[in-house]
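Open the model in your viewer and keep the sequence panel beside it. Each stop below tells you what to select and what to look for.

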Amino acid sequence: MSNFLENQNWRYATKQFDASKKISDADLNTLKEAVRLSASSYGLQPYKVVIVENPELREKLKGAAWGQTQITDASHLFIFANDLNLDAGSVDKYISNISEVRGVPTEALGGFSDMMKNVIANLSEDAKHIWTAKQTYLALGNLLNAAAELKIDATPMEGFNAAQFNEILGFDKLGLNASVIATVGYRHDDDKSQHQKKVRKSHEELFITI
């Protein structure tokens with residue numbers, strides 16, 4: 001745990017990436033697996049994670065992110081896109097996956113399936129979109145923590161035009177919405193932010209025990 005906390009203190013929202021440094025395939029696979037193993041409500045994972053490497057595409061996306069250089073200079077760009085078409089069919093696919101992985105008959109999962117379908121059916125479209133978007137932040141947290149463990153810099157970003165991202169990436173046709181993004185790579189030596197002390201609330205300010 002001490003190493004985990006040390007790495008949390010080491011990480012920061014990198015403002016300037018070294019464009020010459022790239023994440024290895026092995027480390028990238030570790031990050032992807034950490035995201036895949038992330039917690040989500042019911043385990044549904046109602047999102048897709050798009051990893052953008054194409055430099056021309058990232059240049060277009062930078063224009064939809066107010067010119068922030070992290071978009072193009074980081075080794076990889078992760079885009080967490082929530083599912084806008086979550087429905088009973090999505091639950092059926094998840095139940096089939098549980099059945100296959102755990103060797104449990106789908107009939108034995110009927111109660112769990114019906115419960116999830118009922119919850120989703122009773123959400124308004126806006127509420128459903130908000131709920132699925134919230135799930136992407138759980139996956140983002142896993143990415144940030146895993147990156148810190150590998151001494152890889154990761155910057156979570158909400159400063160982008162989601163509608164423009166959706167259009168550039170064709171998400172509108174896929175029933176997806178760009179919820180939150182993260183740039184991942186290695187800090188530039190000239191990034192002054194790395195030398196700033198981390199500022200957080202004290203335990204007394206943050207925690208309430210009742």
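**Ground rules**

This is a predicted model, in which local features need pLDDT of at least 70 and side-chain atom pairs count only at pLDDT 80 or more, while totals for chains, interfaces and linings use all residues. Residues are numbered from 1 along each chain as its sequence is written, and side-chain values use heavy atoms, with hydrogens and water left out.

**Stop 1: the whole chain**

Select everything and show the cartoon. The protein chain has 10 helices and four strands. Helices (H or I, at least four residues) and strands (E, at least two) are DSSP runs, numbered from the N terminus. Trace them from the N terminus: the order is α-α-β-α-α-β-α-α-α-β-α-α-β-α. Along the principal axes, the C-alpha atoms fill a box of roughly 60 × 45 × 35 Å.

Now colour by accessibility. Of the 210 residues, 39% count as buried. Buried means under 20% relative accessible area, exposed over 50%, and partly exposed in between (1.4 Å probe, protein chains only). Contact means heavy atoms within 4.5 Å. Among contacts with a separation of 6 or more, 79% join residues 24 or more positions apart.

**Stop 2: residues 10-186**

Select this span. UniProt, in an unreviewed entry, places the feature "domain: Nitroreductase" here, at residues 10-186. UniProt positions are given in the numbering used here, feature names are shortened, and annotations may be inferred rather than shown by experiment. The span is 51% helix and 16% strand, and its end C-alpha atoms lie 13 Å apart.

**Stop 3: H3 and H8**

Select residues 55-63 and 162-169. The axes of H3 and H8 come within 9 Å and cross at roughly 155 degrees. That makes H3 roughly antiparallel to H8, a term for angles over 145 degrees. Axes are lines fitted to C-alpha atoms, for helices over the stretch in contact, and angles run from 0 to 180 degrees between N-to-C directions. The crossing of H3 and H8 is right-handed, meaning that the near helix is turned clockwise from the far one by less than a right angle. Show side chains: Leu57, Lys60, Leu61 and Gly63 of H3 meet Gln164, Phe165, Ile168 and Leu169 of H8.

**Stop 4: Ala65**

Step into the loop between H3 and H4 (70-73), where Ala65 lies. Is Ala65 buried or exposed? Ala65 counts as buried, at 0% relative accessibility. Ala65 touches Ile71, Gly159, Phe160 and Phe165, leaving aside residues up to four places away in sequence. Ala65 and Phe160 are 95 residues apart in sequence, yet 4.1 Å apart C-alpha to C-alpha.

**Stop 5: H2 and H7**

Select residues 25-36 and 125-149. H2 and H7 pack at about 145 degrees, with axes 8 Å apart. This crossing is right-handed. Leu31, Ala34 and Val35 of H2 make the contact with Ala139, Asn142, Leu143, Ala146 and Ala147 of H7.

**Stop 6: Arg187**

Go to the loop between strand E4 (176-185) and helix H10 (203-206), which holds Arg187. Arg187 is buried, at 14% relative accessible area. Which side chain joins that of Arg187 in a polar contact of 2.7 Å? Asp153 does. A polar contact is a pair of N or O atoms within 3.5 Å; within protein, one must be able to donate a hydrogen and the other to accept it, and residues adjacent in sequence count only if both atoms are side-chain atoms. A polar atom of the Arg187 side chain also lies 3.4 Å from the backbone oxygen of Trp10. Beyond four places in sequence, residues touching Arg187 include Arg11, Tyr12, Phe17 and Gln194.

How values were computed. Angles under 35 degrees count as roughly parallel, over 145 as roughly antiparallel, 65 to 115 as roughly perpendicular and the rest as oblique.
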